[in-house]
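The stops below begin at the ligand and end with the chain as a whole.

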Amino acid sequence: MLNTTGSKPMQDIDEMGDEHIGTSTETPLRADAFEMDDELKMELIAKHFKEIMHILGLDLSDDSLRGTPQRVAKMYVQEVFSGLDPKNKPDIKLFENKYRYSEMLVEKDITFFSNCEHHFVPIYGKAHVAYISNGKVIGLSKINRIVQYFAKRPQVQERLTMQIGNELKEMLGTEDIAVVIDAHHMCVSSRGIKDVNSATVTSYYSGQFEQEEKRAEFMKYITLGK
Ligand SMILES: Nc1nc2c(ncn2[C@@H]2O[C@H](COP(=O)(O)OP(=O)(O)OP(=O)(O)O)[C@@H](O)[C@H]2O)c(=O)[nH]1
Ligand SMILES: [Zn+2]
């Protein structure tokens, strides 16, 4: 579901901070989020980032700083926030479960890097995912790709966890999905409270994973060897 505040022109950035209380697990995007192409987005981000650097008092004629606005713009659009755009969603083909494998499949220790939407600093950690096939099987690397796609957005960990869970549920046509994310937020470690040791754990359980026994089995696998 798209945020309907997006009917405003993109230039109207002073009004982009409108309060919008959504109940969805979708990332709150403006309706016109993809009207600009990536080239124009990078050009405008670079322009505004240059302004931020200028306001901070940095000398943009310095050799090392001169290219930074363009580097940041490219990094935002093509790398760290590329998962905002559905055109970058991984193309995933499923297979028939011809082996009739009926136990859970666990893809664990998927390293990801995301960014906190409150401070725009990194969140990094591990995602552990499991599903029980309802006839369809997914290539292993595609599970990692789904995690990376949703991580490459400004995020809160709860939403990241649910977006991965919901996507797998829909794609695989099974209710039986588990996602656990164990992550560090640099907004907690490098600033603010500056706690370098705490970690945040979130989970998504549906279908058979709502049973204590299945969760315990999943937990056993993700802690194997630790
Ligand atoms: N629930 C949740 N909170 C997050 C996440 N990432 C960051 N936060 C928190 O979002 C909150 C934002 O609080 P504010 O009080 O508006 O921000 P702040 O003044 O920078 O707060 P401090 O970090 O305590 O200095 C902070 O407590 C962050 O730790 C996340 O993924 N999930
Ligand atoms: Zn933060």
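Helices (H or I, at least four residues) and strands (E, at least two) are DSSP runs, numbered from the N terminus.

This is a predicted model, in which local features need pLDDT of at least 70 and side-chain atom pairs count only at pLDDT 80 or more, while totals for chains, interfaces and linings use all residues. Residues are numbered from 1 along each chain as its sequence is written, and chains are lettered from A and ligands numbered from 1 in the order in which they are written.

Five strands form an open sheet in the order 5-2-3-6-7, with mixed pairing; two strands pair if DSSP finds at least two bridges between them. Strand 5 (154-155) and strand 7 (200-206) are the edge strands, each pairing on one side only.

Now select residues 104-116 and 122-132. These are strand 2 and strand 3, which pair in the antiparallel sense over ten bridges. Within this pair, F113 stands opposite Y124 of strand 3.

What packs on the sheet? Select residues 212-222: helix 7 packs there, touching strand 2, strand 3, strand 6 (177-185) and strand 7. The direction of helix 7 makes about 70 degrees with that of strand 2, where axes are lines fitted to C-alpha atoms, for helices over the stretch in contact, and angles run from 0 to 180 degrees between N-to-C directions.

Then colour by domain: domain 1 is 4-88 and domain 2 is 94-222, with bounds from an automatic or database domain assignment. Their C-alpha centres lie 27 Å apart. Eight residues of domain 1 are in contact with eleven residues of domain 2, contact meaning C-beta atoms, placed from the backbone, within 7 Å. The side of domain 1 that touches domain 2 has three nonpolar, five polar and no charged residues.

Finally, show the whole chain, which has seven helices and seven strands.

Key: Contact = placed C-beta atoms within 7 Å. Nonpolar A, V, L, I, M, F, W, Y, C, P; charged D, E, K, R; others polar.
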